[in-house]
Each structure stands twice: as C-alpha cells, then as structure tokens.
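Please keep the sequence and the coordinates at hand while reading.

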Amino acid sequence: MDSGESNMAQLQVGLGKDIPILPPLFTAGLVVASLLLWLLVGRRRWMPPLLRHPALRVAICAVTLSAFLKVLSVSEAVLEQSQSGVAFTPVGGIAIGGPYAVTRNPMYCAMVLLVLPSFTILMDSVWPLRLTPVLFAYL
C-alpha cells in the first residue's frame, strides 16, 4: 500500500457483511411490508374523517417527502464542505454544521421521522407507523 493511500478498511454491503441492507432499501422494504399487512390484515384507518380525502393525503405526503429531500441535499452539502464522503468514501473532516449540529445522522433521522410517517398519511393506515420502530432499531 502506498504511503498516500488510506489505511481505512472499506465497508462491504450485503448479507453477512458490514452493512446487510442499505437503509433506503430497508425503508422501502418496510413500506412494501406495510402494504402487504394492509392487504392481509386490513387497513386500520387512523386519520380523522376530515383528513381522509385522497388529494389532501397526497399533498401532505408530497410536502413531507420534499422536506425529506431537502434534508438529504443540505446534509450532502455539509458533508462536501467538511470533506467527508457520503457513500463509504474516505473522510477528510467531520461535519458539525447544519443538521449535523443537531444529530449525528440527519439522513437516517429524516427516514424515521419523515418517510414512514408520510406513507402512513398517504395510505391512511397505521402499518407504516407501527413498523417505524423496526427501522429505528435497524439503524
């Protein structure tokens, strides 16, 4: 190994590796599991009748998902400014500004606090919300 190369070991993704499943794929799997539970067990509606109109639920979901995308873009910008990588790249610095001033991993927090609840609203079903602790435990 050259003296200029990093001594940092590369993380491996895959079953039985460092990261068994990438968190965004795990989140998508929980949304699919929610849909399956909805089909097998029933919808289990939770929203008040005033908020059950599909157009309103789609709008709320769109706003929530756009907030998630904003958190991702701001987080990536802060990582770039601190010379830290997003996808298993060598780290040149530590991100401490922006959302990183509040939490160690704003991208994962946004998945737990924005993505699954937004699908709970869109589906008007409690299943994504009930599976949120599974995502939290995985992360």
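The points below are grouped by topic, from the whole chain to single residues.

The model is a predicted one. The protein chain contains four helices and zero strands, and its elements follow the order α-α-α-α along the sequence.

**Overall fold and surface**
- The protein chain has 139 residues, of which 29% count as buried.
- The accessible surface amounts to about 8900 Å², and carbon and sulfur atoms contribute 68% of that area.

**Packing of H1 against H3**
- Helix H1 spans residues 23-41, and its axis lies 11 Å from that of H3, at an angle of about 25 degrees.
- Because an angle under 35 degrees counts as roughly parallel, H1 and H3 are described as roughly parallel to each other.
- The crossing of H1 with H3 is right-handed.
- On the H1 side, the residues in contact are Pro23, Pro24, Thr27, Leu30, Val31, Ser34, Leu35 and Trp38.
- Their partners in H3 are Tyr108, Met111, Val115, Leu116, Phe119 and Met123.

**Packing of H3 against H4**
- Helix H4 covers residues 127-138, and the axes of H3 and H4 come within 9 Å of each other, crossing at roughly 160 degrees.
- H3 is therefore roughly antiparallel to H4, since the limit for that class is an angle over 145 degrees.
- H3 contributes Met111, Val112, Leu116, Phe119, Thr120 and Met123 to this contact, while H4 contributes Pro128, Leu129, Leu131, Thr132, Leu135 and Phe136.
- H3 passes H4 in a right-handed crossing.

**The loop residue Ser82**
- Ser82 is located in the loop that links helix H2 (54-81) to helix H3 (106-123).
- The relative accessibility of Ser82 is 15%, so this residue counts as buried, the cut-off being under 20%.
- Beyond its neighbours within four places in sequence, Ser82 is in contact with Gly92, Gly93, Ile94 and Ala95.

**Cysteines**
- Cys61 has a relative accessible area of 4% and is therefore buried.
- Cys109, at 32% relative accessibility, counts as partly exposed, because its value falls between the limits of 20% and 50%.
- Zero disulfides are found in a search of the whole structure.

Notes
Residues numbered from 1 in each chain as written. Predicted model: local features only at pLDDT ≥ 70, side-chain atom pairs only at ≥ 80, totals over all residues. Heavy atoms only, no water. Helix = DSSP H or I, 4+ residues; strand = E, 2+ residues; numbered from the N terminus. Buried < 20%, exposed > 50% of the residue type's maximum accessible area, 1.4 Å probe, protein only. Contact = heavy atoms within 4.5 Å. Areas by Shrake-Rupley, 256 points an atom, 1.4 Å probe, with all protein chains shown as cover. Disulfide = S-S within 2.5 Å. Axes fitted to C-alpha atoms, helices over the stretch in contact; angles between N-to-C directions. Parallel < 35°, antiparallel > 145°, perpendicular 65-115°, else oblique. Left-handed = near helix turned anticlockwise from the far one by under 90°.
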